[in-house]
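Here is a short report on the structure shown below.

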Amino acid sequence: MYTPRAIFPSRTVAMAASKLTPTLPISSLALATSRSPGQLLSPTIHPPAAAAAAAVDMGLSWSSKGVGRGTTVACATAVHGQDTTIQVQGSKWKPTVCVVLVEIFNTGTILLGKVALDGGMFVFSLLCYRSILGAIFILPFALLLERGKWKELDKKAVGWLFINAFIGYSLPMAMYYYGLHDTTASYGVIFSSLTPLFTFVLSILLGMEALRLKSKEGSAKVVGALVCFGGALLISLYNGKELHIESPFIKGITKSSNGVAGGHHHLRGTLLLLGDCICYAFWYPIQVKVIKVYPWKYWSSMLTCVLGGLQTCAIGIFLRRDKLAWQVGWNIQLLTIVYSAALGTAAKYWLNLYVVERRGPVFPPMFSTLSIVFTMVLGALLLGESLTVGSLLGSALVFCGLYLYLYGKAKELHVKTMSCSRNEKLQVQPTHDSKCEDPIFGP
């Protein structure tokens, strides 16, 4: 019997991935996103592992293979007799360059934010201007790539976008910047890298993911999370010998306008950074709901930025109404706003989307330690931040724990894909046209 074949376009794969999304554990969602303000989980992400799970959810069995030239061909065979070939294009070096650029942009955003805040900039004015400018950068892409989709916006979607903006931008970013002002740039970036692990713990507490301690991948994730938390505790509680650079390149900016030096409220800053991580852990399930009610990612991201800007503006006006708090001159404050909006928001969003589509959700977090290294080194050289034995040892533990967790996550995705492939062999009788072929390179 002849089995019809179809090569799914990206829109069809997007529908499969969006259908899968509500069933994903939130620890998986944490790895699939970047913490750019206004960025949503993309309903069009279709790496082999995610598409495989989506295919199973749609009644398809799955197998995949590489055919060279950076291309992976993923084959989904319907139980009802339809063969589907889905290609996921890749490149050997472009995704790597993209994630390195993302970490460089992230480092610049953190360092400039630290400089601007210690120089006296009001946190909510920075968040307001950054969010509105980020929306302006994203708007042209929404108009070009999702033309007319704004008409599908209704009250329910606006309500969820409002919640998404508050939990995913206004509240966590405010806590992050206040925590950054009370501590150091290197300390803040270490805590931001722990967000996937907080999400993993939250998913276990909510019963959305099982520990699976008897499996290698489950044990690796749990041990990695424990090692990371141990490293964070070591950084918080132990200092040791201090390695300090006496003459930083950037001088005269370590005190705010009221004369209080940043970094003198270590405990308060630590609690604020922890609150930032917890907010982002709750943010991922909210994004799943947003995608269900309004799946157009460019318009959703742009509107989230606009709503986040309005929220931070309202809170900021309530806290401070003097013109000085909202004035921005041609100085480091303006540079921080433009850089954070253009590179820290819009560029990071597009680069992460490109990488996840081609290498999967586990690939970008594997490079998150680069921003930690960059921030620690540049923070010491440019800002004169102290490096202690405790911070170096704790950072090493965080590195090891994070990579151990990501190893377990990658193995888990691989096991799920292989399980789908075995189910295909058991459920579907082979036909003369049921094998997986690439229309360009052959079987």
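## Core

Leucine 127 touches Tyr169, Ser170, Met173, Ala174, Tyr177 and Thr312, leaving aside residues up to four places away in sequence. Contact means heavy atoms within 4.5 Å. The model is predicted: local features need pLDDT of at least 70, side-chain atom pairs count only at pLDDT 80 or more, and totals for chains, interfaces and linings use all residues. Residues are numbered from 1 along each chain as its sequence is written, and side-chain values use heavy atoms, with hydrogens and water left out.

Leu127, Tyr177 and Leu194 have the most contacts inside the largest nonpolar core, which has 71 residues. Helix H6 (residues 155–182) gives the most to this core, with 10 residues. Another core lies apart from it; its 11 residues include Cys98, Val99, Phe105 and Ala347. A nonpolar core is a set of buried Ala, Val, Leu, Ile, Met, Phe, Trp, Tyr and Cys residues joined through side-chain atoms within 4.5 Å.

## Surface patch

Trp93, Val97, Leu101 and Ile104 make a nonpolar surface patch of about 370 Å². Patch residues have over 30% relative accessible area and no salt bridge; like charges are joined within 9 Å, nonpolar side chains (Val, Leu, Ile, Met, Phe, Trp, Tyr) within 5 Å. A salt bridge is a side-chain nitrogen of Lys or Arg within 4 Å of a carboxyl oxygen of Asp or Glu. Accessible areas come from the Shrake-Rupley method with a 1.4 Å probe; for residues, only the protein chains shown count as cover.

Ile104 lies in helix H4 (residues 94–118). Ile104 is partly exposed, at 38% relative accessible area. Buried means under 20%, exposed over 50%, partly exposed in between (1.4 Å probe, protein chains only).

## Whole chain

The protein chain has 14 helices and 6 strands. These are DSSP runs numbered from the N terminus: helices H or I, at least four residues; strands E, at least two. Of its 443 residues, 54% count as buried.
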